[in-house]
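Hi,

Here is the structure I promised to pass on. Have a look at it first, and my notes follow below.

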Amino acid sequence: MISLSDTQKIGMGLTGFGVFFLFFGMILFFDKALLAIGNVLFVAGLAFVIGLERTFRFFFQKHKMKATGFFLGGVLIVLIGWPLIGMILEIYGFFLLFRGFFPVVVGFIRRVPVLGSLLNLPGISSPT
């Protein structure tokens with residue numbers, strides 16, 4: 001079991017609530033207020049989980065500046081009041097920022113009992 005500090009536990013909660021509010025805001029036809037709350041909670045939770053310095057270093061690496069621009073620009077546009085355009089920019093920036101983590105996530109999901117068996121089906125396991 002992974003040991004988390006109290007700050008990291010708070011960050012996990014904030015991140016979880018942020019994802020919930022983002023999802024709920026998209027379900028309710030891109031509600032501006034829910035998306036804004038979700039964005040703020042998600043970014044704050046990420047800073048609590050990995051720390052301010054590591055968060056800053058992660059977002060502002062030289063090769064990730066384009067992705068950071070799209071992600072944080074999308075957050076800003078959602079906060080201004082254009083939720084659909086902001087979420088499109090955010091999602092694109094999110095995929096650019098975290099594309100290095102996707103193989104790790106898929107590898108982890110392959111070890112989960114039910115989901116792993118689904119991902120190991122012949123049509124899904126190898127791209128043909």
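How many aromatic pairs does the structure hold? The count comes to 13 aromatic pairs. Keep in mind that this is a predicted model.

One of those pairs joins phenylalanine 42 and phenylalanine 71 in an edge-to-face arrangement, with 6.4 Å centre to centre and 65° between the planes. Phenylalanine 42 sits in helix H2 and phenylalanine 71 in helix H4, so you are looking at a link between distant parts of the chain, because "edge-to-face" needs only ring centres within 6.5 Å and planes over 60 degrees apart. The two residues are 29 apart in the chain, and both are buried.

Another pair, phenylalanine 58 with phenylalanine 101, is tilted: 6.3 Å centre to centre and 35° between the planes. This pair also links distant parts of the chain, with phenylalanine 58 in helix H3 and phenylalanine 101 in the loop between H5 and helix H6 (102–110), 43 residues apart. Are the two partners buried or exposed? Phenylalanine 58 has a relative accessible area of 12%, so it counts as buried, whereas phenylalanine 101, at 42%, is partly exposed.

If you colour the rings, you'll see one aromatic cluster made of Phe42, Phe58, Phe59, Phe71, Phe94, Phe95, Phe98, Phe101 and Phe102.

In soluble globular proteins, nonpolar side chains tend to be buried together. Here the largest nonpolar core has 14 residues, and those with the most contacts inside it are Leu22, Leu35, Phe58, Phe59, Phe71, Met87 and Leu97. Helix H2 (32–50), helix H3 (52–59), helix H4 (65–80) and helix H5 (83–98) each give two or more residues to this core.

Phenylalanine 59 is worth a click. What does phenylalanine 59 contact, leaving aside its neighbours within four places in sequence? The list is Leu46, Lys64, Met65, Thr68, Phe71 and Leu97.

Last stop: threonine 55, which is in helix H3. Why does threonine 55 count as buried? Because its relative accessibility is 7%, and the cut-off for buried is under 20%. A polar atom of the threonine 55 side chain lies 2.6 Å from the backbone oxygen of glycine 51. Not counting residues up to four places away in sequence, threonine 55 touches Leu46, Ala47 and Ile50.

Cheers

Terms used. Residues numbered from 1 in each chain as written. Predicted model: local features only at pLDDT ≥ 70, side-chain atom pairs only at ≥ 80, totals over all residues. Heavy atoms only, no water. Core = buried A, V, L, I, M, F, W, Y, C linked by side-chain atoms within 4.5 Å. Buried < 20%, exposed > 50% of the residue type's maximum accessible area, 1.4 Å probe, protein only. Helix = DSSP H or I, 4+ residues; strand = E, 2+ residues; numbered from the N terminus. Contact = heavy atoms within 4.5 Å. Phe/Tyr/Trp six-rings, centres within 6.5 Å; stacked < 30°, edge-to-face > 60°. Polar contact = N/O pair within 3.5 Å; in protein donor to acceptor, adjacent residues only side chain to side chain.
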